[in-house]
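Trainee: I should like to learn how to read the features of a protein model. May we look at one together?

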Amino acid sequence: MKPSRNKVIITCAITGSVHTPSMSPHLPVTPDQIAQAAIEAAQAGAAIVHLHARQPDTGQPTQDPALYAQFLPRIKEASDVVINITTGGSPILPLADRMAPALRFKPEVASLNMGSMNFGMYELLERFKAFEHAWERPYLEGSNDLIFKNTFKDIEHILASCGDNGTRFEIECYDIGHLYTAAHFVDRKLLKPPFLIQSVFGIRGGIGTHPEDVMMMKRTADRLFGADYTWSVLAAGRKQTPLATMAATMGGNVRVGLEDSLWDGPGELARSNADQVRRIRRILEDLSLQVATPDEARATLQLKGGHDVAF
């Protein structure tokens, strides 16, 4: 059954690759922590969980399929949530490594970045001064001379390789030009509707977080894709909740989670991904908006179903 138009899909991005373990004791790092956080987020109301992996001992981002294998089956067994595996991985990883988990496990959804870009994380050093692990400071410092590589050839390769497995995509657009890149692949019949456009705001190197930026992204996507797409919004840091709320009032869907923001109020670290899901769910319901179930999200996005994955 296709959900009614006022049901909002909540995606929760569990751990990501931007924040480092020393920034928050609540950031999931080990496979057990990632699995538990994803299950709790689903119980709180997330229809989709967006997943990365980390080295259990240091928290360093990794795309090692062996680590994904430790948490994907646990999440699937405990919940009917839609599982979305990143192909972005980390800006410093080569494409083959980034793609490996999605190719092996054939998820219902995989993320896909729509362009090469500057990806600045170095400003986090202004807030966070002490680091437990040797990799953390150089990782952040090095982002002032970092290009997150997502060429046309890279995008085409991911679309073809993962698409052959029946995987659909969370199309991550960090700027207006990324929408036009997505339209280019639609024109070439490599990206097929319906598709999920995730507008990303507040990453240094991408579009900003002004309300006009949000409206311009939505207007441009409407003009390029019409009724062929589902729109969602994520915003980094303290803008997470305000922009998610704005997007929902504009008919969009929302993404929250510790990948995108460590905070649950001014100066207050979020204690869990589930807390962020509960927070945005309360706001949505106060706006008289209903939250979509995983199966309603599957219907909207025309996903293949959790029975047809390789984990």
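Trainee: Which elements cover the buried residues of α5?

Mentor: Please bear in mind that this is a predicted model. The cover over the buried residues of α5 includes α3 (95-105), β7 (109-113), β10 (168-173) and α6 (176-187). The residues of α5 that are buried are Asp 154, Ile 155, Ile 158, Leu 159, Ser 161 and Cys 162.

Trainee: What span should the 12 residues of helix α5 have?

Mentor: Helix α5 runs over residues 152-163, and at 1.5 Å a residue it should span 16 Å. Its end C-alpha atoms are 16 Å apart, which agrees with that expectation.

Trainee: How is the packing of two helices described?

Mentor: One gives the angle between their axes and the distance between those axes. Here, helix α1 (residues 31-44) packs with helix α9 (residues 273-286) at an angle of about 15°, and their axes are 8 Å apart. The angle is under 35 degrees, so α1 is roughly parallel to α9. Their crossing is right-handed.

Trainee: Which residues of α1 and α9 meet?

Mentor: From α1 come Ala 37, Glu 40, Ala 41 and Ala 44; they meet Asn 273, Ala 274, Val 277, Arg 278 and Arg 281 in α9. Sorted by class, this contact has 5 nonpolar, 1 polar and 3 charged residues.

Trainee: How many of the 8 residues of helix α10 are buried?

Mentor: In helix α10 (residues 294-301), 6 of the 8 residues are buried, so this helix is largely enclosed by the rest of the structure. The buried ones are Pro 294, Glu 296, Ala 297, Arg 298, Thr 300 and Leu 301. After α10 comes Gln 302, whose phi is positive, near 55°.

Conventions: Residues are numbered from 1 along each chain as its sequence is written. This is a predicted model: local features need pLDDT of at least 70, side-chain atom pairs count only at pLDDT 80 or more; totals for chains, interfaces and linings use all residues. Side-chain values use heavy atoms; hydrogens and water are left out. Helices (H or I, at least four residues) and strands (E, at least two) are DSSP runs, numbered from the N terminus. The expected span of a helix is 1.5 Å times one less than its number of residues. Buried means under 20% relative accessible area, exposed over 50%, partly exposed in between (1.4 Å probe, protein chains only). Contact means heavy atoms within 4.5 Å. Axes are lines fitted to C-alpha atoms, for helices over the stretch in contact, and angles run from 0 to 180 degrees between N-to-C directions. Angles under 35 degrees count as roughly parallel, over 145 as roughly antiparallel, 65 to 115 as roughly perpendicular and the rest as oblique. A crossing is left-handed if the near helix is turned anticlockwise from the far one by less than a right angle, and right-handed if clockwise. Ala, Val, Leu, Ile, Met, Phe, Trp, Tyr, Cys and Pro count as nonpolar, Asp, Glu, Lys and Arg as charged, and the others, Gly among them, as polar.
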